[in-house]
Amino acid sequence: MKPKNYLVPELLLVAALLGFIVWICILNSGGTQKSIEEVSAPVCLVLTDGQMNKKTNTDAIKSFGIDLDKTEGLVYYANDSVMDVSEMLIVKLVSADDAQEFRTAIQNRVTDQENLYKNYAPDQYALLEDCIIKTSGNTVFYCTAKNADELYEAYKKAL
Amino acid sequence: MVFSSATFLIIFLPLTMVLYYLVGVLITKSTAVKNLILLVASLIFYAWGEPIYIILMLISICFNFVIGKDIDQSKRMNNRRKAKMLFVSAIVFNLAVLGFFKYFNFLLENIANVTGAGIKPLNLALPVGISFYTFQIMSYIIDLYKGNIRAQRRLLNFALYVSLFPQLIAGPIVKYKDIADQLMYRKENWLTYSKGLNRFVFGLSKKLILANTLGSVYAAVQEAGCDNMSVLTAWIGIICYTLQIYFDFSGYSDMAIGLGGIFGFSFCENFNYPYIATSVTDFWRRWHMSLSSWFRDYVYIPLGGNRCAVPRVILNLLIVWLLTGFWHGASWNFILWGVYYGILLILEKYVLAGLIKKVPVILKWLVTMICVMVGWVLFSAPTLEVAIAYIAAMFGYAVSFVDSYGVFILFTNFALLVIAGLCATPLYMSLSGMLGGKKFSKVMLAVTPLLFLLCIIFMISETYNPFLYFRF
Amino acid sequence: MKTVNANDRNIKKAPDQNYGPFEFISAMTVTLMLLLVCVFTLAGQDREYSENENRNLAGKPIFSLSSVMDGKFMEDMDSYLSDQFVLRDALVRTRTDIDIFIGKREINGVYIGKKHYLFEKPSEYDEKRVKRTTDTMNGISAAYGEIRNYVAIAPNSSEILSDYMPSNAPSQNQTEQISKVYSNLNGFTCIDLCGPLKNADDPAALYYKTDHHWTSEAVDIAYRKIAADMGLDPSAYSYDNLAVTNGFQGTLASSSGIFSAKDTIRIPTCPQDIMYRVTYVNEGKTCTTVFDQSKLSEKSKYDVFFGGNFAQIMIETNAPSDRVLMVVKDSYANSLIPLLIPHFKTIVVVDPRYYTDNVQEIIEREEVTDILWLYNANTFLNDTSIYGKFN
């Protein structure tokens with residue numbers, strides 16, 4: 001029986017492993033070169049009329065207690081009514097290392113809001129429970145809204 | 001997916017069983033079909049928890065399958081150098097995969113800490129079960145190279161060996177040589193099936209009824225923090241954790257062995273009542289036996305085992321226990337935990353051997369359990385500081401000896417602790433001996449379905465999640 | 001060495017010898033249970049709402065590539081299956097029964113006391129947090145020297161009904177905690193509610209069994225004490241308490257899952273000659289009653305008082321008084337404020353947890369003459385919302 005040569009499949013599989021490692025690292029770090037305006041513009045198009053209004057950076061600091069110096073830019077939308085918890089925050093960070101810090105800040109905000117609305121309005125509480133907080137490298141996306149999934153999809157495409 | 005989840009119990013398990021027995025056992029009667037059904041089920045099972053890392057597992061399976069065949073061929077052609085080279089590359093490949101996904105981040109963090117360099121950690125998620133399946137694969141490669149086994153000729157069978165869902169994510173670590181025949185040929189019958197299913201229900205009960213309930217007590221103690229902890233509270237907490245980790249892990253092994261039985265496999269045992277051990281050496285003969293035997297066969301003995309001079313044996317033991325600790329996770333806690341056991345075992349072997357013979361059994365047991373519990377503090381604490389503070393609290397460096405919280409959790413969990421404590425001893429087996437076979441069978445008949453019902457109650461009630469308009 | 005071997009053999013062989021047809025039958029029973037559960041859960045009608053848990057149950061997860069990739073689909077599937085499990089409510093109830101049977105006295109952070117009393121875990125005293133709150137309060141009292149400042153912090157059931165707490169349950173001395181808070185305050189008339197409540201004839205009637213609020217009996221005592229300390233004349237108006245429901249199962253019942261007792265809610269009758277108008281400022285809603293009877297048919301029946309908690313409520317009355325009261329409060333106050341109506345020209349009710357602006361604005365707009373801070377100890381000690389409402 002002639003010996004089979006296994007070298008080619010072996011090398012191919014090692015290459016596949018390296019490829020996978022590179023892919024997963026890219027997937028994990030994510031990140032974007034686009035400016036915050038380029039990322040947020042298509043997302044804002046998905047917003048329905050009167051759902052949220054643009055807020056200033058100061059409002060974002062008030063709500064989330066975040067450090068503006070660590071961001072390259074941010075977009076914050078929220079509903080004006082006390083009875084509506086809909087809001088969306090997209091932050092582009094100077095360094096992806098701070099992503100966890102921002103996520104924690106957002107998570108704290110959500111927990112505070114949940115505690116507030118538990119008694120107040122079950123439907124609003126349910127929205128908060130289903131909120132989306134995602135990091136992709138240097139950008140953090142947070143949204144509490146009826147159509148949060150849609151907004152997140154739009155954001156992913158815009159990255 | 002985990003065995004104690006609703007998706008597994010309600011959908012995955014019934015469907016897999018029906019398919020396996022209907023199509024595999026009754027209609028086609030072919031091992032290949034049975035294996036294919038199990039393989040597909042296993043891949044879905046893994047992908048359910050790790051939709052991305054399944055690619056990594058598949059690459060790993062294919063590479064080791066191919067290189068295994070290559071090693072086998074080189075050995076048959078007496079090309080020793082090539083076989084050795086292939087063997088080394090295979091080991092490097094597997095260790096590299098494990099090292100990158102499990103330990104690389106830890107390494108980077110420590111380099112950054114020591115040098116102060118601004119290295120960014122990767123923060124990759126750890127692929128579930130990677131330590132288990134990598135070790136299984138390595139047992140195949142090593143035994144193949146040593147000539148203990150022949151290479152598996154079918155990718156289907158090899159893939160099934162690595163990914164077999166009962167033991168995929170938490171062991172036991174089944175060595176290829178123990179299961180090779182069963183992959184090719186196995187016969188299911190009502191005995192293996194009912195034994196397997198009963199065993200599964202026992203394991204499920206250990207996890208859902210005992211481990212989870214005990215875990216919530218320990219979590220509450222931990223949450224209260226070490227600052228105001230009384231000695232009593234500290235001990236109740238760690239006793240709960242000690243029992244929890246046993247029931248959790250051995251329950252998982254029972255479920256794995258039971259599920260294996262349902263599909264005609266027979267896996268090695270993984271636990272043998274570790275908490276009745278009367279020495280630390282004895283404890284490790286009873287705890288996670290498949291892991292200790294893996295390290296014994298593939299690390300300790302190749303290093304020379306205990307057939308060398310004493311200093312070398314001590315070094316060997318330290319290496320093995322350092323690795324055992326590190327295997328459990330990439331953190332200093334686990335390393336310390338491993339070394340702690342290494343030192344205890346060396347002490348037992350060389351220093352205390354004479355003393356141990358003279359001490360009454362009950363005292364030996366007590367000292368062993370205290371050593372084990374201190375070990376669990378190291379194992380479970382989030383950081384070293386917490387572990388040290390906790391151990392200090394256990395041994396009297398606490399605000400008080402007894403406080404009302406300690407008494408409260410003692411009284412309100414007393415029955416639970418007694419039941420759990422008894423379940424961790426072989427009392428159940430002694431009962432079966434006392435009652436005799438037939439009577440015991442009748443008791444069993446009532447017990448298993450009842451336990452299963454309890455499991456369902458506990459599983460569903462965990463998800464009780466009232467909408468709370470609390471505090472207002 | 002020999003004995004060890006014999007033991008090993010016993011352990012390993014015992015099950016084999018014992019396996020017989022009985023195990024087969026028991027295994028088949030379990031198999032049948034597995035298959036039945038599978039069929040029932042998949043074929044059963046999905047429930048949308050759970051009365052016990054007061055929430056919408058999870059529906060069928062939506063399958064999409066991205067939801068599978070990030071694992072959301074799998075998570076949703078798990079919650080869908082357990083939410084829609086056959087006999088879910090009965091199973092949960094059995095679990096609490098088992099827990100209590102084996103001796104558990106704390107479930108989901110609720111203490112299970114004697115005689116069907118459930119208790120909220122008492123809050124701990126966090127120096128820093130309390131200091132921030134009291135500093136804000138002191139700031140207001142210092143800024144408006146002419147305004148009379150009152151503070152009343154009510155003890156919770158764990159303090160007054162300590163005899164009904166499970167034995168040895170960790171507790172806090174709220175009387176001490178409250179006086180510690182009071183000692184932080186400057187320029188306040190501090191109203192002691194612990195004393196009068198402890199001396200009540202029937203302490204057991206002061207708190208609901210299944211809810212963390214106080215009952216109208218407690219409110220009655222507290223009102224007399226507050227009125228006395230604020231210089232109001234409680235004897236000028238007499239009122240009765242009318243039972244409006246006896247099927248109240250409150251927050252503590254919900255969070256523990258123990259629905260063994262029911263409570264009665266009573267509301268006070270208003271003096272005939274007093275007319276008033278209630279305005280929910282942010283909601284832009286006006287009505288002529290402080291009671292929302294529609295809440296009696298819902299789960300949270302305590303909301304019959306004011307319909308729940310709102311950021312800012314204005315009550316304008318025709319009472320023969322020129323005092324304007326601002327109440328800064330939590331939900332304990334909801335059942336007490338109705339009794340204050342006949343004593344003030346205007347009452348502004350502010351709940352800092354929902355009121356996001358500065359209270360200065362209200363004080364100046366309404367020309368407030370009296371401020372009453374009315375809280376229960378647990379909420380006050382945990383509060384982080386008063387801080388920042390005044391600068």
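# Close-up views of a predicted model

**View 1. Chain A, from end to end.** Chain A holds six helices and five strands. The model is predicted. Along the sequence, the elements of chain A run α-α-β-α-β-β-α-α-β-β-α. The radius of gyration of chain A is 21 Å, whereas a compact globule of 159 residues would come near 15 Å. The C-alpha trace of chain A spans about 80 × 35 × 30 Å along its principal axes. Buried residues make up 33% of the 159 in chain A. Among contacts in chain A with a separation of 6 or more, 58% join residues 24 or more positions apart.

**View 2. Where chain C meets chain B.** Here 57 residues of chain C are in contact with 55 residues of chain B. On the chain C side, the elements that give two or more residues are α1 (2–18), α2 (21–43), α3 (65–69), α4 (72–83), α5 (88–101) and α11 (251–256). Which element of chain C gives the most to the side that touches chain B? It is α2(C), with 15 residues. By class, this side of chain C has 24 nonpolar, 23 polar and ten charged residues.

View 3. In chain C the domain assignment gives domain 1 (14–101) and domain 2 (126–382). Taken over C-alpha atoms, the centres of these two domains of chain C are separated by 43 Å. Four residues of domain 1 of chain C are in contact with five residues of domain 2 of chain C. By class, the domain 1 side of this contact has one nonpolar, two polar and one charged residues.

**View 4. Helix α14 of chain B and its packing.** Helix α14 of chain B covers residues 332–351, 20 residues in total. From first C-alpha to last, α14(B) reaches 27 Å, close to the 28 Å expected at 1.5 Å a residue. Which residues of α14(B) are buried? They are N333(B), I335(B), W337(B), G338(B), Y341(B), G342(B), L344(B) and L345(B). An α-helix has 3.6 residues a turn, so residues three or four places apart point the same way.

**View 5. The nonpolar cores.** The largest nonpolar core has 224 residues. Inside this core, V327(C) and I347(C) have the most contacts. Helix α10 of chain B, residues 231–262, gives the most to this core, with 16 residues. Beyond its neighbours within four places in sequence, I347(C) is in contact with I315(C), L325(C), V327(C), I337(C), L340(C) and I341(C). Another core, of 35 residues, lies apart from the largest one. Its members include V91(A), L116(A), Y142(A) and A145(A).

**View 6. Two residues of chain B with positive phi.** K29(B) has phi near 50°, a positive value in a residue other than glycine. K29(B) sits in the loop between α1 and α2 (31–49) of chain B. H288(B) is also not glycine, and its phi is near 45°, a positive value. H288(B) lies in the loop between α11 and α12 (289–300) of chain B. Is K29(B) buried or exposed? K29(B) is exposed, because 9 other C-beta atoms lie within 10 Å. H288(B) counts as buried, because 20 other C-beta atoms lie within 10 Å.

**View 7. A220 in helix α9 of chain B.** A220(B) has its place in helix α9 of chain B, residues 190–224. With 17 C-beta neighbours inside 10 Å, A220(B) counts as partly exposed. A220(B) and A234(B) are 14 residues apart along the chain, and 11 Å separate their C-alpha atoms.

Technical notes
Residues numbered from 1 in each chain as written. Chains lettered and ligands numbered in written order. Predicted model: local features only at pLDDT ≥ 70, side-chain atom pairs only at ≥ 80, totals over all residues. Helix = DSSP H or I, 4+ residues; strand = E, 2+ residues; numbered from the N terminus. Rg over C-alpha atoms; globule rule 2.2 N^0.38 Å. Buried ≥ 20, exposed ≤ 12 C-beta atoms within 10 Å, placed from the backbone. Contact = placed C-beta atoms within 7 Å. Nonpolar A, V, L, I, M, F, W, Y, C, P; charged D, E, K, R; others polar. Expected span 1.5 Å × (residues − 1). Core = buried A, V, L, I, M, F, W, Y, C linked by C-beta atoms within 7 Å. Domains from an automatic or database assignment.
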